Amino acid sequence: MRLFVICGLLLVKVAVGDACPSGQFSESGQCCSLCPAGFGVVAECGKADTKCAPCPQGTFSSSEGLGPCQPCAKCPLSVPMLASCTATENTQCECDSGYFFWGVHGLCAPCSKCTRGEGAVRECGPKGDTLCQICGPGTFSEELRTTKPCQVCAKCSDSEVEIRACLPNSDTLCMDKQLDILSRPVDGTSDASRWPILEDVTKVEASPTPGTPKFTPQEESGSNNILAYVSVLAAVVLGLFIYVGYKCWRSCKQKRALSKARAAELSASPEGEKLQSDSGVFVDSHSLHDNQTSKGTNRDSKQDNRLYINLPPHRQEEVEHLLQEGGGRGWRQVGAALGYEPEQLDLFGHGEAPARTLLSNWAQKEGSTLGSLCSVLARVERPDVVAALNRPGQGVSLV
């Protein structure tokens, strides 16, 4: 009987429109209360209503809810703090432009961008990541990746007619009412006239004017088809030229990078080994690679305690470029060897330069020395990057 009474009360509340904000009800049919911001749940709603308590020091709750207080985050090393944690707001850290503080993992992550048909309702900054929302009626967004809000749809003027309404991913499409679609020259002059009506066509066919070309519907259709085919063929040929040019440029770029990597490996070869082009002595490339690998191992044993963050900017850019173009053993494998989780690496991959984001974040941690980085690079078989770090004349030799 009690169950029927509770069900009846719920039906009455739904019928009269008295919605429950929490969406949960106690055993007596009472709507469960939400804990306000700065409070957390200490006893869940069940036989009695929800019991809330203020968040203790070191925890916060930024909105109403039915969950406990969350622990406050800490800013990474070398990242200044804008505002300390309060009962209603998490710690705010001053990340670089284009990044936001991800409190769950305690790091600066690249800002997200809204896709086509969405607009930003909150910019990326100290408050958190970009907040996107689907464009509502009367607004649109045609950009594939944007951080701007939705734009207001255009309206057709009195001299235009609307041929497509505004959509979330495209603006209104209008066309001029006076657009002369069927006009074409009849006598070869620059003046164009409308197609004649059926009676005029009969008169022209009966008594054509001398010197005036006669067009039939079949000839008109065939001419249009030929123009269409020629246009498509020209577009295909142009696309092939562009594709071949891109492949040639890409191949030359890869060969140039490979030659630089080989030159770096030869410059880091063991002492006492000489390559003479005119001596007639052939050096096995496999043995040379093994010697370089063994030397890299010996160097790793002598850890260089210099910090990666103190490396010259041009040398950091060279290392980031090599890891970015690394293929199967690129920045993602190095990040996994440095101890980053897959979801953190996926987040770095959303940015324009994931290798730079990875090394910049790692450089803020303790123990981010050149020796530890070279050990990781040797483990993932990237001797070219180790050679770049050991290149003489830069003041960062590991020997």
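Which backbone nitrogen does the side chain of Thr 146 reach at 3.0 Å? The backbone nitrogen of Lys 148. This is a predicted model: local features need pLDDT of at least 70, side-chain atom pairs count only at pLDDT 80 or more, and totals for chains, interfaces and linings use all residues. Residues are numbered from 1 along each chain as its sequence is written, and side-chain values use heavy atoms, with hydrogens and water left out.

**Overall chain**
- The protein chain has 10 helices and 14 strands. Helices (H or I, at least four residues) and strands (E, at least two) are DSSP runs, numbered from the N terminus.
- Of its 399 residues, 27% count as buried, meaning under 20% relative accessible area with a 1.4 Å probe, protein chains only (exposed is over 50%, partly exposed in between).
- Among contacts in the protein chain with a separation of 6 or more, 46% come from residues 24 or more positions apart. Contact means heavy atoms within 4.5 Å.

**Thr 146**
- Thr 146 sits in the loop between strand 11 (139-140) and strand 12 (151-152).
- Its relative accessibility is 4%, so Thr 146 counts as buried.
- The side chains of Thr 146 and Glu 143 are joined by a polar contact of 3.3 Å. A polar contact is a pair of N or O atoms within 3.5 Å; within protein, one must be able to donate a hydrogen and the other to accept it, and residues adjacent in sequence count only if both atoms are side-chain atoms.
- Neighbours within four places in sequence aside, Thr 146 is in contact with Lys 113, Cys 114, Glu 118 and Ser 141.

**Annotated spans**
- The unreviewed UniProt entry places "domain: TNFR-Cys" at residues 19-52, 54-93, 94-132 and 134-174. Such annotations may be inferred rather than shown by experiment.
- Residues 19-52 are 0% helix and 21% strand, with end C-alpha atoms 21 Å apart.
- Residues 94-132 are 0% helix and 38% strand, and their end C-alpha atoms lie 22 Å apart.
- The unreviewed UniProt entry also places a "transmembrane region" at residues 226-246. That span is 100% helix and 0% strand, with end C-alpha atoms 30 Å apart.

**Helix 7 and helix 8**
- The axes of helix 7 (residues 342-349) and helix 8 (residues 354-363) come within 8 Å and cross at roughly 130°. Axes are lines fitted to C-alpha atoms, for helices over the stretch in contact, and angles run from 0 to 180 degrees between N-to-C directions.
- Helix 7 and helix 8 are therefore oblique to each other. Under 35 degrees counts as roughly parallel, over 145 as roughly antiparallel, 65 to 115 as roughly perpendicular and the rest as oblique.
- Helix 7 contributes Leu 345, Phe 348 and Gly 349 to the contact, and helix 8 contributes Pro 354, Thr 357, Leu 358 and Asn 361.
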